[in-house]
Amino acid sequence: MTSLRAAPGVTIATALGAPRSQLLLVLGDDDLVTGHRASYWTGVAPAIEMDLAFATIAQDGINHADLWYQLIVGSELSGNDPQVRAAVDAIGLGRDPGDYRHAILCERPPGDIAFSIARHIVVDHVLATRLDALTGSSDRDIAGLAGKIAWEQRYHLRHAVRYLGLLAGAEPAQRSRFTRALERVVAEAFGLFESFAGEAEVVADGTLPVAHAELRDAWLERMQTVLAPHGLDGVLDVDEVPSDALGGRLGNHSPDFTDELWPEMTTLYRSDPAAEW
Amino acid sequence: MTTQAALVDRVRTAIEAVPDPELPPVTIGMLGMVHDLEVDDDGRVRVALLPTFAGCPATDMIRIDVEAAVAAIPEVSDVRVQFHYTPVWTPARISEEGHRRLADFGIAPPLDPGREDDAGPPAGAVSLPIVSVVEATSGRTCPWCESTATTRDSAFGPTPCRDLWMCTECRQPFEGFKSA
């Protein structure tokens, strides 16, 4: 049973445990947590272009999460209704850490630029692969929103691939540092393709047209094409997925989330869930 | 024209005249954001808008401004604004006047027909291309000197809907309205 901290009087009509809601939490939580981690570079990135990029990627992630959560609350996107607004905020920021469904990789600290850029490249290609599939969803709202977000995602991919070229073509010491980051990120990225509770149901009714396990193959093909020109496709040969990168889809998160990101991300909301903004 | 049809026209005019909060010379009518409008016999108005960007934080302000503009019409008893993602907004919805005002404001309009980058999303399912070309292959028209000898400096700009360009002709930087 999922419990929510919400303003008095706010009720959430749809059970968060329903398969469609679980799918939307997976989509929203990956975006929300990726957005929060991207925001770290605002003002401190080593290049202005990267600063602007991560600031925008952060804003996109958090706003896209908001839209996925809106689809849990109502079939029409109507985030302006005060009750809907309060319910969406409660979903985004009022859950206990164990009720979040994002992958562990998304919650890892920003680390250095090599790690952040490696994660940016890998995660944005996962999201792009999944958005492509979702444009064929049997759920009209999900398909429409996926198409809209997919088109905007081109800008994220473009930025990711630009820095892939720069870091892959850097001096040997930087290149090997970047390669090591990419190896770790790719291995942990397998956690993004774990199935969530209710996935079989939403795959069966076409809400999620392609299961996460199959999306992984499509993503690997994409990554092969992107990495091969830089001689980095070897990082895709993963012998063993680290066990501590798994479990996010079921709410088993690392201390990076439970002890660090979650408290910071939700502190303002928890201090007064009924506050009006 | 019936009274009802006249009222619908007035409501539409009021909505379309609402300025974009981040691009004041351009109205949401010029941007092609108004998708659907219903006015019933009791003066209840339902407006469906298409956001230019899904992650646009200005949508709330636009909604408030549209509600205020419509509510100012005496015959209107109630107004409800919703944002829709189908059909998908595309740059092709921007009017000629919108293009002109964007350029006058110093922002290159998004649609240069025929350029791959500006074609806008296709109808129906989207398949993202695998990005192999890093830099933009074609330049926007510089809003200052109208040269097309321009390069993209950054895929991200001051708002989610704008990117940054440089004109190699007049050596001026400028912003572009993204084609998403």
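At roughly what angle do the axes of helix H1 and helix H2 of chain A cross? The model is predicted: local features need pLDDT of at least 70, side-chain atom pairs count only at pLDDT 80 or more, and totals for chains, interfaces and linings use all residues. Residues are numbered from 1 along each chain as its sequence is written, while chains are lettered from A and ligands numbered from 1 in the order in which they are written.

The axes of H1 (residues 19-38) and H2 (residues 48-73) of chain A cross at roughly 160° and come within 7 Å. Axes here are lines fitted to C-alpha atoms, for helices over the stretch in contact, with angles running from 0 to 180 degrees between N-to-C directions. Helices (H or I, at least four residues) and strands (E, at least two) are DSSP runs, numbered from the N terminus. The crossing angle makes H1(A) roughly antiparallel to H2(A), a term for angles over 145 degrees. Among the residues of H1(A) that meet H2(A) are Leu24(A), Gly28(A) and Leu32(A), and the H2(A) side includes Phe54(A), Ala58(A) and Trp68(A); contact requires C-beta atoms, placed from the backbone, within 7 Å. The residues of this contact divide into 13 nonpolar, 6 polar and 2 charged. In this division, Ala, Val, Leu, Ile, Met, Phe, Trp, Tyr, Cys and Pro count as nonpolar, Asp, Glu, Lys and Arg as charged, and the others, Gly among them, as polar.

Helix H3 (residues 82-93) of chain A is largely enclosed by the rest of the structure, because 9 of its 12 residues are buried. A residue is buried if 20 or more other C-beta atoms lie within 10 Å of its own, exposed if 12 or fewer, and partly exposed in between. The buried residues of H3(A), including Val84(A), Arg85(A) and Asp89(A), pack against H1, H2 and helix H10 (255-271) of chain A.

Most residues other than glycine have a negative phi. In chain B, Glu146(B) has a positive phi of about 65° and lies in the loop between strand E6 (107-108) and strand E7 (150-154). Glu146(B) is exposed, with 11 other C-beta atoms within 10 Å. Arg171(B), with phi near 60°, is found in the loop between strand E8 (162-167) and strand E9 (173-177). Arg171(B) is exposed, with 9 other C-beta atoms within 10 Å.

Finally, 28 residues of chain B are in contact with 38 residues of chain A. On the chain B side, E5(B) gives the most, with 3 residues.

Definitions and conventions: Angles under 35 degrees count as roughly parallel, over 145 as roughly antiparallel, 65 to 115 as roughly perpendicular and the rest as oblique. Two residues are in contact if their C-beta atoms, placed from the backbone, lie within 7 Å.
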